[in-house]
Amino acid sequence: MGCPIIRQIEEKITRELLQTILARKPKMCNLKIVYKRYASLYFSYAIEDQDNELITLEIVHLYVELLGKYFGSVCDPDTIFNFEKAYFILDEFLWGGEVQEISKKNVFKADLLQEEAETPRTVLEEIGLT
Amino acid sequence: MVASSLKLQDLIQEIREAKTQAQEREVIQKECAHIRASFRDGDPLHSHRQLAKLLYVHMLGYPAHFGQMECLKLIASPRFTDKRVGYLGAMLLLDERQDAHLLITNSIKNDLSQGIEAVQGLALCTLSAMGSAEMCRDLALEVEKLLLQPSPYVRKKAVLTAVHMIRKVPELSDIFLPPCAQLLHERHHGILLGTVTLITELCERSPAALQHFRKVVPQLVHTLRTLVMTGCSIEHSVSGVSDPFLQVQILRLLRILGRNHEESSETMNDLLAQVATNTDTSRNAGNAVLFETVLTIMDIRSAAGLRVLAVNILGRFLLNSDRNIRYVALTSLLKLVQSDHSAVQRHRPTVVECLWEPDASLSRRALELSLALVNSSNVRAMTQELQGFLESCPPDLRPDCASGILLAAERFAPTKRWHIDTILRVLTTAGTYVRDDAVANLIQLIGGAQELHAYSVRRLYSALAEDISQQPLVQVAAWCIGEYGDLLLEGTCEETEPLQVGPALGYTEEGHVRGVRAGPRITLCAPRKVEKEEVLALLERVLQSQMSLPATRGYALTALMKLSTRLHGDNNRICQVMSIYGSCQDVELQQRAVEYNALFRKYDHLRAAVLEKMPLVERGGPQVDEEAKESKEVAQLSEAAPVPTETQASKLLDLLDLLDGPSENAQHPPPLDPTPGDTLIHLLDLPCAPLPPAPIPNLKVFEREGLQLNLSFVRPPGTPTLLLITVTATNTSGGDVTHFICQAAVPKSFQLQLQAPSGDTVPAQGGLPMTQLLRILNPNKAPLRLKLRLTYDHFGQSVQEIFEVNNLPVETWQ
């Protein structure tokens, strides 16, 4: 079981990681942290002792690809200013630390589904135009 | 509604523009005040935006607990946008520790049964992110219903929610186990993946479930085989590998199912080989699948050939340009090196290459693995590589490398000279990093190799002459020069075994090297004659040097003293040194100097005897070399009461008050080598303090035709060097054993006393046993060896038996 953490800047990673690690209960097994850096963005994933590190790298990469497809390019401002979107996409990709859906088509189908359920007014509001 | 409240984007912008931590805090505090007010006053249209801002602030690490109730309100709202942010807030802000978390149970329940997929998705997501045990219990049935709903979107989420619920409340397995078999036939990758994860979780928690799911092994094998051989749609491919996540998950489940189960393991053997050979290794995705395959192969009852295949895959990983892959390979090989030693050995050259990795975590693992791969056939080559590494490796790896080399040398040394050379080289290269007992070990090793005394002392002298800063080296050299100074001066050195330095060269069985290259800071022995004055000057230099530790100076002082008997000519220079150091600041040195002075002035007639060559000190180490064994050959047989021999030596012993008294002296002639003075005892690392007394098991040592001999052992607590053995002879045969005599013999360094036996007849039919007490003194704490000689008459025949007692418990002498 893994635990994804999205953070933009290195100093803040340490803080969050510490928070997550300290929040764990005493009987949990040891953590391994797998991270990948994309320019100024760090994506860290905490996994258990027996988990496969290499596939975790693939998970991280797939998530980055998903973000990239949605935002056009993955860079600092995109994920920050739309952090809720990043979470919503994450929730379509991973679930309770496990991989849920790897087809990008399916992931975005769901997201768009939800967006269509919006009324125009709320969409505008959401992007801060009113 | 406060007008000056910022929009989300603007808030984020402002926070990012803040130059200092204090500025950031100011912006956030101001905004949080607005948010609080907004929550208080209630603003249904915009509250989701307020919450979004609060969540951002929370992500940065600021307190946001006052938003919890707002989450609940938003979740209960009919608008999707509200719900979405509300649920996100619940996931980020609420967890089991907050009382508020239970309040959303009802909302979730409602949303689960609403029938709108997106909403159901949100509810399930939140439940599996922060659902407590109570919530899970309450909602289990709702989730179960959703497993069978037509929409795959909801079903895949429901399956994974079930995983979380089982982690929280294992009893819920009963609910979620039955649907699994059917779900496993799904074609939708998301549902399939979730199901495999669910089954894995069930099996990990319950042996009964594990048993139950073994029957799906064929199904899993089939699915995986299809994936690998037939492939799948593009949208589920990653770098050309068909759904690697599903593959890895299936492999994990197979691992759990096949572990310790012969039948299941057999079913998957072929498949594993297929996956291993058909997976594209050019990208990480393929390697990830391969890695999982290797893990599975090693954990189940796989065929030997398959295991070798797995190790070879890891070996190939070692050559991969990707550091991460090399890392997992090294870590996995480390776990396998004991169980599959010969398979891993084949990749030794590659492992050794990895020593030179710039990345510390890689080189450390490579070092550990390399050390584990040393054996008697590759010890020379490996030591060469490791010593090369030692010369240039980062400081934090040096202690491990040095002690690893020394340990390997001790276990597998092909010759004594090689052993001495190796230790010497380690001390020269990394002397400050070796463990404390390295000095004592080397001294003991050299001491025991009589034929190498001359060689050793010359090598050490040269090394010392070059560099007096490496303390362990200096200490050993000083000791040797002191002991064997006479050999040092005698003629030039003969041709020694050329030093092997540099990359692994070819080695023959005898250890002759093709080609030689002189290495850094190591010289062959001095080609010219060494003069007495030089030697004294060198030791004096050591004494005076700032770099010498107090212990080192002690060694040097004693060595000088010993040379007064080893070397010819007058001893004025040495006398002078002793008188100077008689007023040395260091108390230890002062004491020694004063005592040595006394030897010169008042006890000169004893000086030679006191400073005689040291006896070999036994230590309870793992390796007892051949020469030492020979020298411990049994000295003689003994009988009845001891005969005390008063020799010059024992008079000296009385003087120095070392033993209890002459009556305890050995029956056999000395060497009871006079240990020269207390001051020299601590040069040698005499092994451990006496252990607390524990009952030592009895030992049956002899049986023939009904006559049995048993030994029982006692180590009286007050006298650690004393061992009392009671020999008991019993006779269960029909005939008496008469004229029974038992004699015993022990190695030279021991003292043995046989007391009178209780009788010389062992009556038949289990009559009164005969006993005899042996007292054994073991001042050197050497390993005990005992030989017994029995002579007796039995059934009208004379019997003589001589045998050595095997399997003596270590507690008898340690």
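Biologist: With which residue does B:Lys562 form a salt bridge, and how far apart are the closest N and O atoms?

Modeller: The model is a predicted one. In it, B:Lys562 pairs with B:Glu483 in a salt bridge, and the closest N and O atoms lie 2.8 Å apart. B:Lys562 belongs to helix H30 (residues 550–566) of chain B and B:Glu483 to helix H28 (residues 471–489) of chain B, so the pair ties together parts that are 79 residues apart in sequence.

Another glutamate of chain B, B:Glu540, is found in helix H29 (residues 532–544). B:Glu540 is buried too, at a relative accessible area of 14%. Leaving aside residues up to four places away in sequence, B:Glu540 touches B:Leu560, B:Arg573 and B:Val577. The C-alpha atom of B:Glu540 is separated by 7.6 Å from that of B:Ala556, a residue 16 positions apart from it along the chain.

A further pair in chain B is formed by B:Arg255 and B:Glu292, whose closest N and O atoms are 2.8 Å apart. B:Arg255 is buried, with a relative accessible area of 8%, while B:Glu292 counts as buried at 0%.

The side chains of A:Lys32 and A:Glu53 meet in a salt bridge, at 3.1 Å from N to O. A:Lys32 lies in strand E2 (residues 31–38) of chain A and A:Glu53 in helix H2 of chain A, so the pair ties together parts that are 21 residues apart in sequence. The two partners fall into separate exposure classes, because buried means under 20% relative accessible area. A:Lys32 is partly exposed, with a relative accessible area of 22%, whereas A:Glu53 is buried, with 15%. As background, side chains of opposite charge can pair when their charged atoms come close. Over all chains, the structure holds 40 salt bridges.

The chain that carries this pair can be described briefly. Chain A has six helices and five strands, and along the sequence they follow the pattern β-α-β-β-α-α-α-β-β-α-α. Of the 130 residues of chain A, 55% count as buried. Among its contacts between residues at least 6 apart in sequence, 46% join residues at least 24 apart.

Salt bridges also cross from one chain to the other. Across the interface of chain A and chain B, five are found. One salt bridge between the chains joins A:Lys105 to B:Glu235, with the closest N and O atoms 3.2 Å apart. On the side of chain A that touches chain B, the elements giving two or more residues include helix H1 (10–23), helix H2 (53–71), strand E5 (98–99) and helix H5 (104–116) of chain A. H5(A) gives the most to this side, with eight residues. By type, the residues on this side of chain A divide into 17 nonpolar, 11 polar and 23 charged.

In extent, the contact takes 51 residues from chain A and 61 residues from chain B. The area buried between the two chains is about 5,100 Å², and carbon and sulfur atoms give 58% of it. In chain A, A:Leu54, A:Phe81 and A:Trp95 lose the most area to chain B, together 16% of what that side buries.

Covalent links between cysteines can be treated in a few words. A search of the whole structure finds zero disulfides over all chains. Among the cysteines of chain B, B:Cys354 counts as buried at 3% relative accessibility, and B:Cys742 counts as buried at 6%.

To return to the pair you asked about, B:Lys562 and B:Glu483 form a salt bridge with the closest N and O atoms 2.8 Å apart. Elsewhere, salt bridges that share partners join A:Glu98, B:Arg167, B:Glu201 and B:Arg205 into one network.

How values were computed:
Residues numbered from 1 in each chain as written. Chains lettered and ligands numbered in written order. Predicted model: local features only at pLDDT ≥ 70, side-chain atom pairs only at ≥ 80, totals over all residues. Heavy atoms only, no water. Helix = DSSP H or I, 4+ residues; strand = E, 2+ residues; numbered from the N terminus. Buried < 20%, exposed > 50% of the residue type's maximum accessible area, 1.4 Å probe, protein only. Contact = heavy atoms within 4.5 Å. Buried area = accessible area lost by both parts, 1.4 Å probe. Salt bridge = Lys/Arg side-chain N within 4 Å of Asp/Glu carboxyl O. Nonpolar A, V, L, I, M, F, W, Y, C, P; charged D, E, K, R; others polar. Disulfide = S-S within 2.5 Å.
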